Amino acid sequence: MLRIISVDLAVSIILELEGTASMAFRKALKGTAIIGTGAAAALLGLSQLSEYRKTQARLAYVAAEGELKQPFKDELPTRQAQLSTLQDTEEFDVLVVGGGATGSGCALDAVTRNLKTALVERNDFSSGTSSRSTKLIHGGVRYLQKAIMKLDYEQYMMVKEALHERSNLLDIAPHLSAPLPIMLPVYKWWQLPYYWAGIKMYDLVAGGQCLKSSYVLSKNKALELFPMLKKDKLVGAIVYYDGQHNDARMNLAIALTAARHGAAIANYTEVVHLLKKTDAGTGKEKVCGARCRDVITGNEFDVRAKCVINATGPFTDSLRKMDDGKNTNICQPSAGVHIVIPGYYSPDNMGLLDPATSDGRVIFFLPWEKMTIAGTTDTPTDITAHPIPREEDINFILNEVRNYLSPDVEVRRGDVLAAWSGIRPLVTDPNSKDTQSICRNHIVNVSDSGLVTIAGGKWTTYRSMAEETLDAAVAAHRLGGGPSKTVGLVLEGGQDWSPTLYIRLVQDYGLENEVAQHLAATYGGKAFDVAKMARVTGKRWPIVGNRLVSEFPYIESEVRYAVKEYACTAIDVIARRTRLGFLNVQAADEALPRIVDIMGKMLDWSDKKRTEELEAAKKFLYLEMGYRSRSEQLTGTTEITLDTQEVAKYTNRFHKFDKDSKGFITTVDVQRVLQNISVQIDENALHEILNEVDLNKNGQVELNEFLQLMSAVKKGQVSDSRLAILMKTAEESLDLRGPVTVDRSGGGV
């Protein structure tokens, strides 16, 4: 008891100090047009020091509360059990609508306050914006720049909050997140001190939560660390640190942690309409729950709750209008497109920031999951559950990347392995007189009927947004439950994780080293549960763990484990339980039949259901993951831009396969040439290889189609064409063999 009292007293004192520091900072900004770096640093340092101490006091308070209850420590309830809880519970304290990062954060915050909590999501957890981010956990360097340039205290506080949350997120999910150095190349001498001062201020605001100190690099050192960088006019570079994470898995970890603590959560459960009742005291209608529908079975049921929280991201206005049809829209959606290109475009552990693109937007160029991710764009868009990346956005990103990479590195359109679009839900405050001004951070609004809406914000600050939302909900609905306990609360898989955990997986189960590292980085301490489900390979090594596709470390047991993590469709597996669809659409397409087969056996799917799942997943890859954009690089209208010599060269290559001068080649022709050079390829694989180039889909590749392919390869529109590489390799092998000379045959007779 004494410890609690002393901590409360400490919190009060530090809060007072924080208020004093904030007032001093505001006065300094208002009274001075130009602030010296030293004075600003002192004020910022004082402010962040008090924040740091306040955080430590809150952590001590949480620790004094004792260990939180965890009713499902060993095994999570099944989805069906969760649905039963939703239907059978007389009344919840809180019903959260939306299973993205913010909604899942609200559910976790509520349940750890000992509130009876439910969460419903009409699609899958993290199926929207939360899985389509830049994968950064960051404070916002550009926001800090605006705060200093415009003397904007609000923006400064926003950065400060995000930096605190960055530190917390790295602590509570160490398996899913890590610091990442990001290089800012400098091409003008005067920019070097300017950027250095801004980045150092970023470190200063982070204070004790600074990941690693930023530093300046000479031109030679910058090229040593990032050899793909353009050398011309480069004067140096600055490296600073932010965090990076696996966003969809992080979102899922938050939701699963809420479930472990007793929250009833269900994906593929949509809200049909809100339930209301008349308040006896005021005579006004109050929201008291929602009519929900299981999307998979069509079954409808009521979920009653004292408080309903709207955390639906881009779909915020849909639920607000269910509450009151007269509500005006507050969400102003913006589309952000990202692309994935091969890992050789960037170093393994160094990102790149382009602070001023041709149209003023910021582009990140980051290593992620052994690939390279580049983005994002920022364009107005309509709200949709299935955003599609536009070809012009993909080309914009590629053009910006070309501006920063060496001419030796050919940036090819055909190297785009996947592309996606995410909708950022920018919002206006419904309580603001100026309804046109977009809120920089987020808003929490309680309607007259008691619906609590949280909208806006960014991935990094999901926890503090959830805390603020629950504080408002508790106050508006008199829920009780005490303060938030989520600072320092370790997420699913983080408890038993260590940097060397993968070694135990290799030693105990006979997994490949790369697979073991992947499992440890994806599931943390739960990786052992995935390894236990892995089947024996029948090979000398690895002993267990059959891969879904050869070039990625995803194994079949992850599909089985995904069902335990509430995966209901093949899309859930390729997009969010694994990240295969986000990394390489062709590899994901190749893995789909096996994924559907495994899920079909576990979930007892009929043949019709399996076909539907396969088609739906292929459509998802084709439209939402950029497969269409990739495949359309080679079409029947592709212009042949080869010169005369090149046409002759490729025509000659084609005729080495078309021995009968038919004007086309089939799998039989290719198979015959491969037999001559002692190469064997499965007939089904050959059909797939030719089908990529067979534009009119008549089962054969004509000379014109082959020349179109080689022209597209030359222009960089198509890369890694299996047919082009196969035919080139076969031709070279045939040329090496050549005719048998007289002396080799024994001299003749």
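Arg576 sits in helix H17, which covers residues 570-577 (helices are DSSP runs of H or I with at least four residues, strands are E runs of at least two, both numbered from the N terminus). The model is a predicted one, where local features need pLDDT of at least 70 and side-chain atom pairs count only at pLDDT 80 or more, while totals for chains, interfaces and linings use all residues. Residues are numbered from 1 along each chain as its sequence is written, and side-chain values use heavy atoms, leaving out hydrogens and water.

Is Arg576 buried or exposed? With a relative accessible area of 4%, Arg576 is buried (buried is under 20%, exposed over 50%, partly exposed in between, using a 1.4 Å probe and protein chains only).

## Who Arg576 meets

Leaving aside residues up to four places away in sequence, Arg576 touches several others, among them Asn123, Phe125, Arg249 and Tyr268 (a contact means heavy atoms within 4.5 Å).

## Out on the surface

Now for Trp190, found in the loop between strand E4 (177-186) and helix H7 (191-206). Trp190 counts as exposed, at 57% relative accessibility.

## The whole chain

Zooming out, the protein chain has 26 helices and 20 strands. Of its 749 residues, 55% count as buried. Looking at contacts with a separation of 6 or more, 73% come from residues 24 or more positions apart.
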